[in-house]
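Thanks for coming, everyone. Let me put the sequence and the model up on the screen.

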Amino acid sequence: MIEYYTKFNLHLYMFAGLQLPNGYLNTKFYYLYYLLMIFSDFTVFGSLVTIGIHFFSRNVPLSERCFSGFTVISTAQSTSKLIYCYLYKNKFKEIFQMWEKSYNNYKVRTDLEEKIAIKQRVVKYLSLFLFTVMVGPMIPWGSLPLFVKFVSLFIPSMPFKNFIAVPAWFPFDPLISPAFELTALFQGFGALYVNAKTIAFDCLLYSLGCLHIVYSEHLRQTFGRIIGRIHVADNGKLSYALNDGNILANQLDDDNLREDKGTQNFVVHMEKDIIQWVKHHQELIRVGNALRKLYSPVLTMQFFLQLLILCTNAFVVASAKLDAVQLTFCGAYVIGNILQLFVLSHLGEKITSESRRLMDDAYGKAWYACHPSLRSYLKIIFLQCQKPFKMSALGVFPLSIETFKNV
């Protein structure tokens with residue numbers, strides 16, 4: 001079921017040629033998909049090598065070195081994520097299995113399904129927007145030389161000289177046909193898959209993070225409903241009700257509560273609900289810790305590399321002589337990277353906020369008036385929920401709006 005709700009972002013994984021985390025692939029397309037993975041990985045690794053060698057070469061003009069700088073860092077970021085998917089594919093699979101198990105442990109899932117569907121719909125459109133901004137311009141950018149040459153064939157008066165979109169080293173002359181056409185196609189696909197892998201990797205985290213938010217909201221509301229069964233009338237009488245609204249006891253003091261059969265039945269029912277709630281909460285903590293442990297190293301690298309990307313790209317725009325097309329692509333790329341950082345920071349902020357609000361729906365309720373045996377459970381729960389869950393990058397960069405402001 002969790003695969004169904006994250007299906008769109010898993011399809012982005014497939015489009016980007018990333019190692020799928022959960023065996024989510026029909027055998028019919030198995031070999032075709034792995035051919036796509038090999039081709040996309042080849043273009044990414046090839047781009048890293050060719051652009052990287054040019055970047056570190058001597059006697060390279062400053063403008064070219066700067067332009068190669070942010071592209072090689074972007075490629076390094078994409079390479080780190082595709083390698084991470086290979087190395088930790090079993091860990092990703094475990095995360096899906098943990099979410100699936102947690103989902104199946106809910107006996108009544110109607111509200112939960114509705115909330116997950118709403119959140120994942122938001123994630124879907126957000127992912128689509130980021131793909132449009134970050135990946136959409138990449139094919140025309142990388143293949144721009146080939147497109148300009150094609151247009152010049154129909155406009156004889158249009159002067160054209162072979163060039164490549166991103167300064168890079170090749171073991172052959174990339175400006176002589178047919179090497180020029182192959183180089184342009186290679187850089188076009190390289191630009192596409194470098195950014196597609198980066199965005200697809202993040203978009204799956206958005207989906208998994210939203211599951212954590214939904215489960216936290218659901219636990220908060222469920223706990224509020226459990227505590228809401230205790231009512232104190234104006235005359236001080238305590239009323240205890242079950243889910244169906246039947247009142248099992250209506251007594252004045254703890255002594256009567258201990259003796260009343262209806263109260264004993266209520267205590268049994270409420271104790272059962274609280275224990276079940278604690279189990280769901282513990283499952284959420286376990287999945288959250290596993291998610292944080294899995295993504296923490298790669299998020300640390302991403303924050304560091306994206307800061308370098310923004311700095312080098314800004315330097316290119318400010319100091320290098322760019323034409324209108326290059327300036328447009330660089331500007332779109334800067335905006336896309338800023339959006340990536342913002343979405344990650346906002347996601348972490350929302351996860352922390354919801355975990356901090358777990359007890360909000362219990363406040364204002366008469367939990368203090370319940371049976372003493374239940375009160376001890378509730379005190380432990382309140383203490384346990386005082387420390388909110390936080391996503392972070394190795395504890396160095398907490399995913400929060402404050403971190404985004406500082407960046």
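First, some ground rules. This is a predicted model, where local features need pLDDT of at least 70 and side-chain atom pairs count only at pLDDT 80 or more, while totals for chains, interfaces and linings use all residues. Residues are numbered from 1 along each chain as its sequence is written, and side-chain values use heavy atoms, with hydrogens and water left out.

Now the overview. The protein has 14 helices and five strands. Those are DSSP runs, numbered from the N terminus: helices are H or I with at least four residues, strands are E with at least two. The protein has 407 residues, and 49% of them are buried. Buried means under 20% relative accessible area, exposed means over 50%, and partly exposed is in between, with a 1.4 Å probe and protein chains only. The accessible surface comes to about 20,000 Å². Carbon and sulfur atoms own 64% of that surface. Areas come from the Shrake-Rupley method with a 1.4 Å probe, and for residues only the protein chains shown count as cover.

What about contacts along the chain? Take contacts between residues at least 6 apart in sequence: 75% of them join residues at least 24 apart. Contact here means heavy atoms within 4.5 Å.

Next, a helix pair. Look at helix H2, residues 7-16, and helix H3, residues 30-56. Their axes come within 8 Å and cross at roughly 60°. So H2 is oblique to H3. On the H2 side, the contact uses Tyr13, Met14, Phe15 and Ala16. On the H3 side, Tyr33, Leu36 and Ser40 take part. A word on method: axes are lines fitted to C-alpha atoms, for helices over the stretch in contact, and angles run from 0 to 180 degrees between N-to-C directions. Under 35 degrees is roughly parallel, over 145 roughly antiparallel, 65 to 115 roughly perpendicular, and the rest oblique.

On to salt bridges. Side chains of opposite charge can pair when their charged atoms come close. Our cut-off is a side-chain nitrogen of Lys or Arg within 4 Å of a carboxyl oxygen of Asp or Glu. How many salt bridges does the structure hold? Six.

Here is one of them. Lys197 and Asp41 meet through their side chains at 2.9 Å, N to O. Lys197 sits in helix H9 and Asp41 in helix H3, so this pair links distant parts of the chain, 156 residues apart. Lys197 has a relative accessible area of 0%, so Lys197 is buried. Asp41 is buried too, at 7%.

Now another bridge. The side chains of Asp202 and Lys81 meet at 2.8 Å, N to O. Asp202 is in helix H9, while Lys81 is in helix H4, residues 62-87. They are 121 residues apart. Asp202 is buried at 1% relative accessibility, and Lys81 is buried at 0%.

Then Arg220 with Glu354. Their closest N and O atoms are 3.5 Å apart. Arg220 belongs to helix H9, and Glu354 to helix H12, residues 324-356.

Two single residues now. Ser47 lies in helix H3. Ser47 is buried, at 6% relative accessibility. Leaving out residues up to four places away in sequence, Ser47 touches Gly52, Thr75, Phe186 and Gly190.

Ala200 is in helix H9. Ala200 is buried at 0%. Ala200 and Phe131 are 69 residues apart in sequence, and 8.2 Å apart in space, C-alpha to C-alpha.

Last, the surface. Phe39, Leu182, Leu185 and Phe189 form a nonpolar patch, with about 360 Å² of accessible area together. Patches are made of residues with over 30% relative accessible area and no salt bridge; like charges are joined within 9 Å, and nonpolar side chains (Val, Leu, Ile, Met, Phe, Trp, Tyr) within 5 Å. Which helix gives the most to the patch? Helix H9, residues 179-227, with three residues. Leu182 lies in helix H9, and Leu182 counts as exposed at 58% relative accessibility.
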